[in-house]
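Please open the model in your viewer and keep the sequence panel beside it. The stops below say what to select next and what is there.

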Amino acid sequence: MSKMYYRELYCGTPARYWSGLALLGVIIAIGLGAAYYMEHNGHWVTGMSNQIVWGLPHVFAIFLIVAASGALNVASIGSVFGGPLYKPLGRYSGLLAIGLLAGGLMVLVLDLGRPDRLIVAMTEYNFKSIFAWNVILYTGFFAIVGIYLWTMIDRSVNKYNRTVGFAAFFWRIALTTGTGSIFGFLVAREAYDAAIMAPMFVIMSFSYGLAFFIITLIAAYIWGDRELGDFRLTKLKNLLGVFVGAVFYFTLAYNLTNLYITQHHGIERFILLDGGVYTQMFWIGQIFIGSIIPLFLIYSPAFEKSRWAIAAASVAVLIGGFFQIYVIVIGGQAYPMNLFPGKEVVESGFYDGQVMSYVPTLPEAALGVAGIAVALTMVAVGARVFKVFPETLED
Amino acid sequence: MSNKCDQPNMDRRKMIGGAIAATGAMTIAPGVILHAASVSDEASSGADAKHRWGMLIDSNKCADGCSACVDACNTEHGLKGHGRPATDAVWIRPVKLKDKQTGRENRLVMMCQHCEHPPCVDVCPTNASFKRVDGIVLVDRHRCIGCRYCMMACPYKARSFIHEALTEQSVNAPRGKGCVESCTLCVHRVDDGVMQTACQEACAEEGHAAILFGDLNDPNSEISKTLKSTNSVQIRADLELNTGVRYLNL
């Protein structure tokens, strides 16, 4: 095998690089302005209420955090499972993982009621809380993946790469288990309270993270005028197909389990049949766009060599994944909690027994999109400063 | 120019390192000091483990159309609406129910159930949600970061998030924008030795006496005697949270 050379990402002309970065900067500035507007006025200017307490920013944040863990797939395969084809992509895999997590955490923190008290979250831990565990898992992820990147880039510490790779692999599994468990341990609501949430989030991370990886890899190589071979891309595509199928399986298992449990028939009916926008998001967004279209694009012989099909499949996985998290987070809250089994709520001073509506507002969306821009900015700057991308990835 | 110019300037590195360390210490220290202060405050609070404060609500006595308890709670704690019911704070709410099988109608009030094993306390990342030794579940507004995880975890929808800046607050209940809050079981009254909540008082004044507050641990208290002689229920007893608020005739 010929020696692999890594080089900083120069994008043809400086203008191309800096204009791209400037565009991301504008998106981030708008997002920060939106966060200031929401924080300054209070959350009543958002679509959130005392019934739907986690809104669109949480969907973006969870989506990015889950994808961050999955973006490390390629590095893990390269250094832990010994996949030589994936090894040259390990550095970018680590960089993207850090970027996505930073973007997700920025959105999460800026949506807190008191973001100024972040220091309290960093110094005061309730070790019974999955959320507190996640704070440790998220910060630890930065540290471990940072060291992992160091062992990949600096030859003097390369001998530790496999060991650190193992640590990073286990840490990322723990991280997405923790994110899934945020919902999996909530006994109050019928949509949650299911241990399957943890492994489902792990497999969702594999799928979304790889889709993010593929689409940004293609973009970076176009941006930097570099060669990207079909063979390696086909391998990544096939792996994505397996992950999309696995997410579909877990979706099936989750819903069938709920259908078996009589008390959960209400939430299943809501999501699958008469939940309005959530039902549409589930069938059109999550299942059709997120599962059926990518599986068709990936496995149809007609698109075997098509790079556009791979890119389109990855984008479809991301759109479907976003809808999936929207249905879990918002749909799960919109369905009323059953406080009084066997009784119908005739009147309530606090919307008991009612399906709650949630309409996201522009500032919430701006903050969420800024999270993606933060991830991409970190990738663009990181790839320019460090030797992350191989000079060529031709077959 | 000195021939050391191409060497790293170690003094500058030391200075930058020192500045980072100092900034870190200055950032973390207030949190640590506040934490130490709040822990000592808790230890010196008036709560007594011998008591467990609770409530008994008689659904048969809760009168249709009456909002005396809700109004009294709002006045006592300075809760004001902003004309946006979905985001306004609600500590106590009336609920009218109809049995799907028999058609029998009930009315009751719902509030924080002051669980023995409160899910809000379990999930709160910063220990802002806490249970006093006398069973009253509260939120430390200085420690609440406004993550709303407790609201996701509460099976009773008992908590409200404060969506806007507040003015003209009641001294009985200091509150804050971006924090979560809920029924305190009139803890300020309890700590002052007034063994009657605002809602109970208002309900009695209206002549309904549907709410009974007292010490569940004291066998001679009226609430204990009533609970011993009648068949009360807990809302969502299947969760085994052992609520401090019980219901009669539900």
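**Salt bridges, confidence and the interface**

Begin with the charged side chains: over all chains the structure holds 25 salt bridges, a salt bridge being a side-chain nitrogen of Lys or Arg within 4 Å of a carboxyl oxygen of Asp or Glu. This is a predicted model, in which local features need pLDDT of at least 70 and side-chain atom pairs count only at pLDDT 80 or more, while totals for chains, interfaces and linings use all residues. Residues are numbered from 1 along each chain as its sequence is written, chains are lettered from A and ligands numbered from 1 in the order in which they are written, and side-chain values use heavy atoms, with hydrogens and water left out.

Select Arg7(A) and Glu391(A), whose side chains meet in a salt bridge at 2.8 Å, N to O. Arg7(A) lies in strand 1 (residues 6–7) of chain A and Glu391(A) in the segment after strand 3 (389–390) of chain A, so the pair ties together parts that are 384 residues apart in sequence. Helices (H or I, at least four residues) and strands (E, at least two) are DSSP runs, numbered from the N terminus.

Next, colour by pLDDT, the predictor's confidence in each residue, from 0 to 100. Chain A has a mean pLDDT of 94, and 99% of its residues reach 70 or more; among its elements, strand 1 of chain A has the lowest mean (86) and helix 2 (residues 56–71) of chain A the highest (98). For chain B the mean pLDDT is 88, with 82% of its residues at 70 or more. Residues 1–8 of chain B have pLDDT below 50, and beyond near neighbours in sequence this stretch has one contact in the model, where contact means heavy atoms within 4.5 Å.

Now show both chains together; the model scores ipTM 0.93 and pTM 0.91. Here 58 residues of chain B are in contact with 54 residues of chain A. The two chains bury about 5000 Å² between them, 58% of it on carbon and sulfur atoms; buried area is the accessible area (1.4 Å probe) that two parts lose on being put together, summed over both. On the chain B side, select Tyr149(B), Met152(B) and Lys157(B), which lose the most area to chain A, together 16% of what that side buries.

Between chain B and chain A the count is six salt bridges. To see a salt bridge of Arg93(B), display its side chain with that of Asp352(A), where the N to O distance is 2.6 Å.

Finish on the paired strands: strand 2 (residues 343–348) of chain A and strand 2 of chain B run antiparallel and are joined by five bridges, and two strands pair if DSSP finds at least two bridges between them. Within this pairing, select Lys96(B) in strand 2 of chain B, which has Glu347(A) standing opposite.
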